[in-house]
Amino acid sequence: MPKNRNTFSFLARPHRRVASWAVHRIWAWAQGAGAVTAARPGRLRFGGIGEGTRLAFPQGTVFGEPWIQLGGHCVIGEQVTLTAGMMPDLDLGPEPILTLGDGVVLGRGSHVIADTTVTIGSDTYCGPYVYITSTNHSYDDPHEPVGKQWPRMEPVEIGPGCWIGTGAVILPGARLGRNVVVAAGAVVRGEVPDHAVVAGAPARIVRSWNPEQGWQPPLRTPAPVPIPEGVTSEQLLALADLEQAPDAP
């Protein structure tokens with residue numbers, strides 16, 4: 001038998017539509033108002049925050065801000081954790097602990113945990129849910145719970161121009177060179193030279209570049225063709241429409 005329907009349910013539909021519209025408008029307003037920039041830092045007092053840098057709202061856990069230096073034009077996604085020191089309200093000395101260069105991108109849900117120095121070079125892009133830490137648990141004492149043992153700390157350095165894929169983990173002591181690609185889900189420790197691609201857990205070099213031989217092993221796909229200088233967005237759209245036309249050659 002058909003289910004009974006509320007005779008007046010249709011009257012509630014306009015109210016639901018209005019409520020949905022209001023919730024989305026309020027949330028959009030909150031995202032704009034809650035974003036952190038150099039001009040509108042809110043409650044956060046970073047050691048430095050460059051022009052054009054924006055931390056999306058809602059932010060993740062942030063503490064030790066006086067020892068966090070953010071370069072210019074960085075993009076920090078929603079729910080990104082940035083911490084300097086093992087806990088809030090510590091005096092960490094005169095030098096910055098966590099430093100982001102200009103143009104760094106940290107994807108949604110990423111964590112950068114800097115109990116000792118962590119440096120991320122300019123124009124490094126991180127996908128969502130990347131985990132970068134200078135601290136690891138120790139388990140030397142087999143009788144003591146791991147979480148209660150004093151952790152090990154080693155500085156982390158990520159060179160400029162790197163790409164770090166979704167869900168990658170950068171462990172204490174890692175030193176990545178310039179323009180390194182870290183595959184999604186990789187777990188990186190130790191040194192990675194310039195212009196290398198690493199993948200796996202633990203990560204290993206699967207491709208590298210040198211001036212004499214280029215990429216080894218060779219790339220399987222041709223390099224993308226850059227957009228010629230001076231081409232407008234309208235011209236690109238017109239070209240796309242032409243290629244999709246049924247009688248296009």
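**Stop one: the core**

Start with the largest nonpolar core, which has 40 residues; Leu82, Leu106 and Ile132 have the most contacts inside it. (A nonpolar core here is a set of buried Ala, Val, Leu, Ile, Met, Phe, Trp, Tyr and Cys residues joined through side-chain atoms within 4.5 Å; buried means under 20% relative accessible area, exposed over 50%, and partly exposed in between, with a 1.4 Å probe and protein chains only.) Color β4 (68–70), β6 (81–84), β7 (98–100), β9, β10 (118–120), β15 (156–158) and β22, since each supplies at least two residues of this core. Strands (E, at least two residues) and helices (H or I, at least four) are DSSP runs numbered from the N terminus.

A quick word on what you're looking at: this is a predicted model, where local features need pLDDT of at least 70, side-chain atom pairs count only at pLDDT 80 or more, and totals for chains, interfaces and linings use all residues. Residues are numbered from 1 along each chain as its sequence is written, and side-chain values use heavy atoms, with hydrogens and water left out.

Now click Ile132. Setting aside neighbours within four places in sequence, Ile132 is in contact (heavy atoms within 4.5 Å) with residues including His111, Val112, Val118, Cys126 and Ile170.

**Stop two: the sheet**

Next, show the strands β2-β5-β8-β11-β16-β19-β22-β23-β24: in that order, these nine form an open sheet with mixed pairing. Two strands pair if DSSP finds at least two bridges between them. At the edges sit β2 (54–55) and β24 (214–216), each pairing on one side only. Zoom in on β19 (residues 181–182) and β22 (residues 196–199): they run parallel, joined by two bridges. Val182 stands opposite Val198 in β22.

**Stop three: Ser110**

Select Ser110 in the loop between β8 (105–106) and β9 (111–114). Is Ser110 buried or exposed? It's buried, because its relative accessibility is 0%. The side chain of Ser110 reaches the backbone nitrogen of Tyr129 at 3.4 Å. Beyond four places in sequence, Ser110 also has contacts that include Gln79, Thr81, Gly127 and Pro128.

**Last stop: two rings**

Finally, pick Trp27 and Phe57, a tilted aromatic pair at 6.0 Å centre to centre, with 50° between the planes. (Rings of Phe, Tyr and Trp, using its six-membered ring, pair if their centres lie within 6.5 Å; planes under 30 degrees apart count as stacked, over 60 as edge-to-face and the rest as tilted.) Trp27 lies in helix α1 (residues 9–34) and Phe57 in the loop between β2 and β3 (62–63), so the pair ties together parts 30 residues apart in sequence.

Note on methods:
Polar contact = N/O pair within 3.5 Å; in protein donor to acceptor, adjacent residues only side chain to side chain.
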